[in-house]
Amino acid sequence: MEIEKVLTVAAPAAKVWDMLLDPTVMASCVPGMKSIEVVSDVEYNAVIHVKISFISAKFKLRTRIVEQRAPEYLRAEGTGEDSSVASSLKQQSEIFLTALPDGQTELRTKVTVDVLGRLGTFGLSVMKTKADRMWEEFSQNLATRLAGGEIPGAAQVTVTRRDAAEGAPAPVAAPAAAPARPAAVASPAVPVAPAAPQAAAAPAARVNGQPASHASVSDGGWWSRLLGGRGGASGRSIHIELRRGDTALTVDWPVEEAGECAAWLRDVLK
């Protein structure tokens with residue numbers, strides 16, 4: 001899946017570039033970031049937590065900067081995995097900085113992501129909705145840092161630098177001035193926007209024991225057949241069973257998130 005986002009910030013391109021290439025800044029700006037290990041000037045390992053509806057994933061990301069032209073362009077590639085939810089991803093991201101009048105800068109990012117495994121079963125609309133939310137949070141955090149402010153919870157993110165002599169990570173102190181080392185560890189849209197699953201035969205889905213179909217999704221009365229069990233603030237949940245070959249997935253979706261459930265189920269049943 002491809003994602004493209006644009007942001008205008010009130011700072012010169014050189015300052016924005018330095019911020020984007022500082023591991024301590026990105027650690028505080030990227031939503032869900034837990035830790036960053038600086039392997040080299042162009043290699044980074046990171047751990048990022050992402051919650052998509054009822055699934056929480058903690059991806060271990062390995063990112064490498066493969067091309068950069070300061071202060072205008074950067075391209076990075078990376079892979080990640082979370083064995084606890086049987087999911088993996090592969091991504092390529094590009095960042096473009098364009099100087100604007102009055103000292104402002106346009107930041108444009110293009111991200112291509114492929115996600116396999118359990119998270120790959122989510123529909124495209126659900127993934128893009130999550131990506132939009134994370135981009136908004138990243139934009140706000142970056143603007144705050146550019147203005148000299150602090151991000152709540154940023155101090156809890158661990159940033160270390162691998163000791164070249166011993167191969168062991170060492171803490172990285174937060175800089176008081178402009179950053180100097182690259183840290184394009186993860187585009188804010190990367191972990192939250194898995195690609196749509198590869199084309200496959202429609203799963204045999206059952207909703208509270210009843211067969212699900214395109215008609216049951218769109219006939220206007222299907223919610224009454226979905227409600228049951230426990231979950232959410234109201235004590236009710238949407239119970240869904242999906243089967244693909246020998247693999248079965250049972251989902252209890254909170255009624256309060258019925259909109260996301262409907263979008264996901266429509267994509268799965270295509």
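Modeller: In what follows, each term is set against its definition.

Biologist: What should I know about the origin of the model and its numbering?

Modeller: This is a predicted model, in which local features need pLDDT of at least 70 and side-chain atom pairs count only at pLDDT 80 or more, while totals for chains, interfaces and linings use all residues. Residues are numbered from 1 along each chain as its sequence is written, and side-chain values use heavy atoms, with hydrogens and water left out.

Biologist: How do you know which parts of the protein chain carry the lowest and the highest confidence?

Modeller: The predictor gives each residue a confidence from 0 to 100, called pLDDT, and its mean over the protein chain is 75, with 69% of the residues at 70 or more. Helix H4 (residues 214–218) is lowest, at a mean of 40, whereas strand E2 (residues 33–38) is highest, at 95; helices (H or I, at least four residues) and strands (E, at least two) are DSSP runs numbered from the N terminus. Over residues 190–232 the pLDDT is below 50, although this stretch has 100 contacts in the model beyond near neighbours in sequence, a contact being heavy atoms within 4.5 Å. Where pLDDT is low, the predicted coordinates should not be read in detail.

Biologist: Why is Tyr73 called buried?

Modeller: Buried means under 20% relative accessible area, exposed means over 50%, and partly exposed lies in between, with a 1.4 Å probe and protein chains only. Tyr73 has a relative accessible area of 7%, so the residue counts as buried. His239, at 18%, is also under the limit and therefore buried.

Biologist: What makes Tyr73 and Phe96 a tilted aromatic pair?

Modeller: Rings of Phe, Tyr and Trp (its six-membered ring) pair if their centres lie within 6.5 Å, and planes under 30 degrees apart count as stacked, over 60 as edge-to-face and the rest as tilted. For Tyr73 and Phe96 the values are 5.2 Å and 50 degrees, so the pair is tilted. Tyr73 lies in strand E5 (residues 73–82) and Phe96 in strand E6 (residues 87–99), so the pair ties together parts that are 23 residues apart in sequence.

Biologist: Why are Trp135 and Phe138 called tilted as well?

Modeller: Their ring centres are 5.6 Å apart and their planes stand at 35 degrees, so this pair is tilted too. Trp135 and Phe138 are three residues apart in helix H3, which separates them by about one helical turn, and Phe138, at 2% relative accessibility, counts as buried.

Biologist: How do you know that the charge of Arg108 sits over the ring of Phe96?

Modeller: The rule asks that NZ of Lys or CZ of Arg be within 6 Å of the ring centre and within 35 degrees of the ring normal. The charged end of Arg108 is 4.2 Å from the centre of the Phe96 ring and is listed as sitting over this ring.

Biologist: What makes a group of residues a nonpolar core?

Modeller: The term means a set of buried Ala, Val, Leu, Ile, Met, Phe, Trp, Tyr and Cys residues joined through side-chain atoms within 4.5 Å. The largest one here has 60 residues, and Phe138 and Leu142 are among those with the most contacts inside it. Helix H3 (residues 124–146) gives the most to this core, with seven residues.
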